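Here is a short report for a reader who is new to this structure. Please look over the sequence and the model first.

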Amino acid sequence: MEGLESQAQLVELWLGRNRISSIVNLGHMTTLRRLSLQSNRLEHMSGLSLCTSLVELYLSHNGIWSLDSEMTQLKALRVLDVSNNRISKIENLQGLTQLEDLWLNDNRIPSLDGLEEALQDQRESLTTIYLENNPAAAAFDYKKQLLKLLPNLEQLDTDVLPGKEAVKQ
């Protein structure tokens, strides 16, 4: 990603479908609130740790293998979309207490084992989670487990939950 050096005050950056293979040259963008790198060639998420003002991060349709440990630095994050990747484990979300929307659908997550520990800091904040089209979503008590774990859940996959149609602000 070249030519961004003079763009330190950007608030939004949309770079989908650009064949980007690594996240570089974003460390100086400390005011960046919304970043989309959808449909690129990313295999890793590293390179975002200094973008601490990020509120929304869209990394779907790449080749990302795991949630990078740098994620823990993104304390303001409210929306994380890493759908349609190669992720096999939900991890490295510690400290993301503002996270409301988590899109992990169409990955390789084998089961719900360890989910409670992985989402312990999002237990109260998560209102939307997508896990459909993962092997884990085939568990017979999939919905029940997620509803028990996430008491403020309003949407599970494509289903808006009954009595949870509250309008987000």
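Tyr58 is buried, with a relative accessible area of 16%. Buried means under 20% relative accessible area, exposed means over 50%, and partly exposed lies in between (1.4 Å probe, protein chains only). This is a predicted model: local features need pLDDT of at least 70, side-chain atom pairs count only at pLDDT 80 or more, and totals for chains, interfaces and linings use all residues. Residues are numbered from 1 along each chain as its sequence is written, and side-chain values use heavy atoms, with hydrogens and water left out.

How many aromatic pairs are there? The count is two. Rings of Phe, Tyr and Trp (its six-membered ring) pair if their centres lie within 6.5 Å; planes under 30 degrees apart count as stacked, over 60 as edge-to-face and the rest as tilted. Trp14 and Tyr58 are stacked, at 5.9 Å centre to centre with 20° between the planes. Trp14 sits in strand E1 and Tyr58 in strand E3, so this pair ties together parts 44 residues apart in sequence. Trp14 is partly exposed, at 49% relative accessibility. Trp103 and Tyr130 are also stacked, at 4.0 Å centre to centre with 20° between the planes. Trp103 belongs to strand E5 (residues 101-103) and Tyr130 to strand E6 (residues 128-130), 27 residues apart. Trp103 is partly exposed at 28%, while Tyr130 is buried at 9%.

## The sheet

Eight strands form an open sheet with mixed pairing, in the order E1-E2-E3-E4-E5-E6-E7-E8. Helices (H or I, at least four residues) and strands (E, at least two) are DSSP runs, numbered from the N terminus. Two strands pair if DSSP finds at least two bridges between them. Strand E1 (12-14) and strand E8 (159-160) are the edge strands, and each pairs on one side only.

Strand E3 (residues 56-58) and strand E4 (residues 79-81) run parallel, joined by three bridges. Tyr58 stands opposite Asp81 in E4.

## A buried asparagine

Where is Asn62? Asn62 lies in the loop between E3 and E4. Asn62 is buried, with a relative accessible area of 11%.

A polar atom of the Asn62 side chain lies 3.0 Å from the backbone oxygen of Leu59. The Asn62 side chain also reaches the backbone oxygen of Ser60, at 3.2 Å. Not counting residues up to four places away in sequence, Asn62 touches several residues, among them Leu37, Arg41, Leu42 and Asn84. Contact means heavy atoms within 4.5 Å.

## Helix H2

Tyr142, Leu146 and Leu149 are buried in helix H2 (residues 142-149). They cover an arc of only 65° around the axis, which puts them on the same side of H2. The arc is that of the directions from the helix axis to the C-beta atoms.

The buried residues of H2 pack against helix H1 (115-118) and strand E7 (155-156). Lys144 and Lys148 are exposed, on the face of H2 turned away from its buried side.

## The nonpolar core

The largest nonpolar core has 48 residues. Such a core is a set of buried Ala, Val, Leu, Ile, Met, Phe, Trp, Tyr and Cys residues joined through side-chain atoms within 4.5 Å. Leu26, Leu57 and Leu119 have the most contacts inside this core. H1 and H2 each supply at least two of its residues. H2 gives the most, with three residues.

Leaving aside neighbours within four places in sequence, Leu26 is in contact with residues including Met1, Leu13, Leu48 and Cys51.

Technical notes
A polar contact is a pair of N or O atoms within 3.5 Å; within protein, one must be able to donate a hydrogen and the other to accept it, and residues adjacent in sequence count only if both atoms are side-chain atoms.
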